[in-house]
Amino acid sequence: MKRPVAYIAGTGHAVPRRAVSNADIAAMGLDTDDAWIVERTGIRQRYIAGPDETLTALAAQASRQAMEQAGVQPGEIDVIVLGTASPDHLLPATAVEVQAALGCTRAAAFDLGAACTGWLYSAIVAESLIAAGTADTVLVIGAEKLSSIVNWKDRNTCVLFGDGAGATVLRRARGGHRGILSSFMRSDGALTQLLWRPAGGNVEPLSPEAMAEGRHCIQMAGGEVVEHAVRSMAEATDRALDAARLTANDIDLLIPHQANVRIIDATAKHAGIPPERVFINVDRYGTTSAATIPIALNEAIQQGRVKEGSTVLFAAFGAGFTWGSLVVRF
Ligand code: UT7
């Protein structure tokens with residue numbers, strides 16, 4: 001097992017004020033109901049941001065908690081990496097707006113686009129920057145305001161997504177065994193159209209027609225995405241465990257991307273991890289894409305399910321497709 005170069009020194013999360021139940025969504029005139037959504041996804045509610053609750057504000061709130069827990073001052077942050085698919089502006093990166101909000105004046109800041117795998121990819125980039133000697137302390141954020149890119153008339157997608165932010169501070173490990181033990185990342189760009197936003201970029205710029213058809217919003221072939229997610233998350237758990245030379249028995253908690261309980265159950269079953277060692281909060285947050293894992297990690301720590309000495313397996317899958325995994329000792 002390699003000696004870790006980076007460890008997770010602090011975590012935090014933030015969600016908008018307003019919780020929206022499945023019944024609230026059905027009451028918007030959509031042909032759906034609580035029973036269908038719970039049975040097919042496990043989701044009972046999600047948080048939806050108001051206009052004043054920007055992505056920057058949510059990410060900054062989560063980051064302040066993570067920095068406080070890590071005992072890190074704004075001036076000590078070398079790099080901010082923010083995984084998101086729903087930035088506040090198309091230019092510049094939301095990470096620089098978070099930098100300004102936090103006063104991290106010494107930092108380099110950039111966004112990373114890997115959809116639901118955004119926090120996990122960002123953590124691997126942060127570890128690499130630390131290993132290269134470029135940075136000692138990296139703020140790694142996963143944050144989404146998906147409510148602004150969801151088609152609220154499409155029951156296939158709008159019931160799934162929510163808003164929120166999770167933040168982690170990664171620092172250089174100075175001896176010892178806590179930190180990132182292994183990582184795995186992979187993409188397949190042959191299947192972009194199974195989960196994408198067709199309009200709003202260069203190929204199909206925003207137009208009244210595109211907006212009327214909801215082509216600027218998330219579109220998803222749900223069933224096919226589930227198949228790929230189950231296969232890829234299985235590969236991801238295998239690869240990170242192999243690389244860390246660990247087995248399922250060594251894992252205290254699996255924290256998977258929170259998209260659908262059926263995908264989570266299949267991933268845990270494949271990895272051989274029993275339900276009591278799997279963290280699930282998709283029922284309360286829906287899918288917050290890049291934010292699901294850091295939100296779940298912060299809650300798991302708050303609940304005492306991750307403590308000093310815990311070995312945690314993370315696995316994520318998202319649009320692109322992108323997928324990956326990490327084994328981390330706390
Ligand atoms: O986070 C990034 C990755 N995302 C995911 O991994 C999520 C992937 N997708 C899913 O979680 C699931 O595919 C869904 C929950 C979106 C759908 O579940 P499913 O079991 O795959 O259902 P389905 O696509 O086979 O659709 C079954 C039926 C369809 O009706 P017809 O065509 O059979 O008449 C849908 O129109 O369910 C219908 N349906 C709904 N019915 C009530 C789809 N959404 C809803 C809804 N309420 N909200």
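Helices and strands are DSSP runs, numbered from the N terminus. In this predicted model, that numbering places F321 in the loop between β12 (311-318) and β13 (322-329). The peptide bond leading from G320 into F321 is cis, and its omega is near -10 degrees.

A cis peptide bond also joins L91 and P92. Here omega is about 0 degrees. P92 sits in the loop between β4 (79-83) and α4 (94-102). Another backbone feature falls at A115, where phi is near 50 degrees. That value is positive, in a residue other than glycine. A115 belongs to the loop between β5 (108-112) and α5 (118-132). Most residues other than glycine have a negative phi, and most peptide bonds are trans.

The ligand is surrounded by 22 residues. T32, R40, R155, H257 and N260 are the closest. In T32, a side-chain N or O atom is 2.6 Å from a nitrogen atom of the ligand. In R40, a polar side-chain atom lies 2.7 Å from a ligand oxygen atom. In N260, a polar side-chain atom is likewise placed 2.7 Å from an oxygen atom of the ligand. On its own, the ligand has 950 Å² of accessible area, of which the protein covers 73%.

Four elements are listed as giving two or more residues to the shell around the ligand: α2 (34-41), α6 (155-158), α8 (222-244) and α9 (261-271). The largest share comes from α8, with four residues. By class, the shell holds ten nonpolar residues, eight polar residues and four charged residues.

Two of these shell elements, α8 and α9, also pack against each other. Their axes are 9 Å apart, at an angle of about 35 degrees. The crossing of α8 past α9 is right-handed. From α8, the contact involves V226, A229, V230, M233, A234, T237 and D238. From α9, the partners are I263, A266, T267, H270 and A271. The residues of this contact divide into eight nonpolar, three polar and one charged.

Note on methods: Residues numbered from 1 in each chain as written. Predicted model: local features only at pLDDT ≥ 70, side-chain atom pairs only at ≥ 80, totals over all residues. Heavy atoms only, no water. Near = heavy atom within 4 Å. Polar contact = N/O pair within 3.5 Å; in protein donor to acceptor, adjacent residues only side chain to side chain. Areas by Shrake-Rupley, 256 points an atom, 1.4 Å probe, with all protein chains shown as cover. Nonpolar A, V, L, I, M, F, W, Y, C, P; charged D, E, K, R; others polar. Axes fitted to C-alpha atoms, helices over the stretch in contact; angles between N-to-C directions. Left-handed = near helix turned anticlockwise from the far one by under 90°. Contact = heavy atoms within 4.5 Å.
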